[in-house]
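User: I am new to this structure and would like to learn how to read its features. Please take them one at a time.

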Amino acid sequence: MDASLEKIADPTLAEMGKNLKEAMKMLEDSQRRTEEENGKKVVSGDIPGPLQGSGQDMVSILQLVQNLMHGDEDEEPQSTRIQNIGEQGHMALLGHSLGAYISTLDKEKLRKLTTRILSDTTLWLCRIFRYENGCAYFHEEEREGLAKICRLAIHSRYEDFVVDGFDVLYNKKPVIYLSAAARPGLGQYLCNQLGLPFPCLCRVPCNTMFGSQHQMDVAFLEKLIKDDIERGRLPLLLVANAGTVAVGHTDKIGRLKELCEQYGIWLHVEGVNLATLALGYVSSSVLAATKCDSMTMTPGPWLGLPAVPAVTLYKHDDPALTLVAGLTSNKPADKLRALPLWLSLQYLGLDGIVERIKHACQLSQRLQESLKKVNHIKLLVEDELSSPVVVFRFFQELTGSASDPVFKAVLAPNMAPSTVGRERHSCDVLNRWLGEQLKQLVPVSGLTVMDLEVEGTCVRFSPLMTAAVLGTRGEDVDQLVACIQSKLPVLSCTLQLREEFKQEVEGTAGLLYVDDPNWPGIGVVRYEHANDDKSSLKSDPEGEKIHAGLLKKLNELESDLTFKMGPEYKSMKSCLYIGMTSDDTDISELVETIVATAREIEENSRLLENMTEVVRKGIQEAQVELQKANEERLLEEGVLRQIPVVGSVLNWFSPVQALQKGRTFNLTAGSLESTEPIYVYKAQGAGVTPPPTPSSIRTKQKLPGQKPFKRSLRGSDALSETSSVSHVEDLEKVEHLSGGPEHITLEATSPEGHPGAPTPRKDDQTEALQKAAQRPEDDRPQMGQPGSRDVRLTQPVNSHL
């Protein structure tokens, strides 16, 4: 390119092209470096400061622009427009700089140059898009061309409008007809620009019985026109769609043109499908747009050209009216709006323009053919042969699915409206999640998530508006289809389990089902603790603590489900959000685990709060009872047995048989209990089974390697029954025999293992231990067996924790 710039005789043009190339290279290289620096954020210089007196060079200014453009990329996804601008984009950007330079020429040269640029661009566009003998108006705002066309129609139909002004409109009000599928806010924009009241707008509904539900109802339109004429109004203009903004459907432009000619109405057409007029094959519905009175096109997105104006092509024979309406201008600056497009069209050439539009249509056809083979995906395509817009949505083929037309016609009337609405709403939430996931996985696809009145939430693929800018290829479409197929099992299983989860939660005490319209997972649930104020919408610290512990416990189970904690949809109370699943999940086990774990956390939290005071009182009470027991033992045994030597001899000839007077303190119940059942159990071996330690979590037996909340396979029932019975029995025995940390035993123990004996002296304890050590290992009685002597602490219990 540098060699080409050297051939330019005008040094200013050469310098301009060189500076533009260097500036774009600097900005693009800076963006690539920013993407490579993971986690490093460019320091933005956007803090306002005083204007430097000495000025700055171009490199410093471009550096500031780069910082302002890419300084927030850690917070927002970077735009890919600069990445894929290409040489044709540089030509469009050069047009803006060149326009400022051309405006400095003398008036005669400027007039000739701007006239040539305007006439060339108009001729090229009319020939490319088959609009013969048309004029062109270039505008920055896409809706501005339609507003100018409305002014032209008013001046054409109201001959005295220039003289009498709005008095003419008051006597015979104009009517502008818009389709119900038109872009939002278009009618309000026209009224604001033209100074017309809103009753001048007429909204034409779409088909309800026959044809596409996104096409204008022609028969109803004719009825509206006749009614307006009978009321003394003037039908002025009709806006038709060649590709609606939502789903890309085309109105029956041929019939609409006949109707407009019959009643003298101006027909204006707009839409993305107008781009297909440049192709060799064009559908008849779109081809009819070449006979309309005006059309608005956006070649910038179609061809991937940044900062090029939109174009409104129109046919009119009176130059004075077009000048009054603002469609033509004698100002050179207005004519220079076409300069960026003039440069870009020459750079691309006719073949390049047609190839880009054709490539976008092929991408849509490729996606459409691929999605036809995918189950649970519904296409909303009007013309399968030439539609450049693909709109699809996920739906579940279930008996009684709200997405099934048969269900709507036969089963839906017999069901409650809440059930049908819940089915529809669930599909909408899942489709919104699907669209957002696909946008992240395949960003170059340019997908859009939208809400339609009849179909619900859908995903739109419109390559004509995005492919040239994002650089979408056929491989990207294949990747998009693969991502859709990978997400379908998750969507299907989640949709099937949502209603089951709701019913299971509503039938479980202590749990409240929360209907969150924006959560795509299995569902949202809240645990209602004992002190929960159901009427309050404020945050609940105790409930938040319980849900935080519940979230931690569930995540420790390492299941395939994802759990999340957050505030409720309609209040500030904490809730548990259960994510999506791709496998068959045991909902009953999931709900049972949630409520059992939450109750255990609530009980443990209360236990910890009251532990200090309860244990202190319990220990004090136990010491008092033990003191009384010792006093009673002294009275029963007599004083002689307390003398060290005499007591031992007396106990040898006449041992005292008395029950153990120990106490055990139950931390869970907060009560004192006797230790007699413990010693009876030890004396009789396995004769008496003490009560097992209570547990609030009941988990089903799982096969080796099976994750929580998964349904067991049918073929593994016999194996699980035969191989796990003995193991389960062993576990139950261990649970019965093992003592948990919920009991503290406080007792007085004699040296012979019997109550009533005095505390042995240190010499007696040492002698007994030495004799026991000298006995053979096999002859030693085991702990808990008859004849064994348990070693116990006999020091006084400390009442302080």
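User: What covers the buried residues of α9?

Analyst: Buried means under 20% relative accessible area, exposed over 50%, and partly exposed in between, with a 1.4 Å probe and protein chains only. Helices (H or I, at least four residues) and strands (E, at least two) are DSSP runs, numbered from the N terminus. In helix α9 (residues 186–194), the buried residues are Leu-186, Gly-187, Tyr-189, Leu-190, Cys-191 and Leu-194. Their cover includes α6 (144–157), α8 (166–171), β2, β3, β4 and β5, where contact means heavy atoms within 4.5 Å. After α9 comes Gly-195, with a positive phi near 75°.

User: What kind of model is this, and how are its residues numbered?

Analyst: This is a predicted model, in which local features need pLDDT of at least 70 and side-chain atom pairs count only at pLDDT 80 or more, while totals for chains, interfaces and linings use all residues. Residues are numbered from 1 along each chain as its sequence is written, and side-chain values use heavy atoms, leaving out hydrogens and water.

User: In what order do the strands of the open sheet lie?

Analyst: Two strands pair if DSSP finds at least two bridges between them. Here seven strands form an open sheet with mixed pairing, in the order β1-β7-β6-β5-β4-β2-β3. At the edges are β1 (135–139) and β3 (201–204), each pairing on one side only. From one strand to the next, the twist averages 20°. Strands β4 (residues 234–241) and β5 (residues 266–270) run parallel and are joined by five bridges. Val-239 stands opposite His-268 in β5.

User: Which helices lie across these strands?

Analyst: For the angles, axes are lines fitted to C-alpha atoms, for helices over the stretch in contact, and angles run from 0 to 180 degrees between N-to-C directions. Helix α5 (residues 107–128) lies across β1 and β7 (310–314), at about 110° to β1. Helix α10 (residues 218–230) lies across β2 (174–179), β3 and β4, at about 165° to β2.

User: How many salt bridges does the structure hold?

Analyst: Side chains of opposite charge can pair when their charged atoms come close. A salt bridge is a side-chain nitrogen of Lys or Arg within 4 Å of a carboxyl oxygen of Asp or Glu. The structure holds 19 of them. One joins Asp-478 and Arg-366, at 2.6 Å from N to O. Asp-478 lies in helix α20 (residues 474–506) and Arg-366 in helix α16 (residues 339–371), so this pair ties together parts 112 residues apart in sequence. Asp-478 is partly exposed at 35% relative accessible area, and Arg-366 is partly exposed at 37%.

User: Where do Lys-439 and Glu-436 lie?

Analyst: Both lie in helix α18 (residues 417–441), three residues apart, about one turn of the helix. Lys-439 is partly exposed at 33% relative accessibility, and Glu-436 is partly exposed at 35%.

User: Is Asp-476 buried or exposed?

Analyst: Asp-476 counts as buried, at 9% relative accessibility. Its side chain meets that of Arg-473 in a salt bridge (4.0 Å, N to O). Elsewhere, salt bridges that share partners join Glu-142, Arg-183 and Glu-270 into one network.
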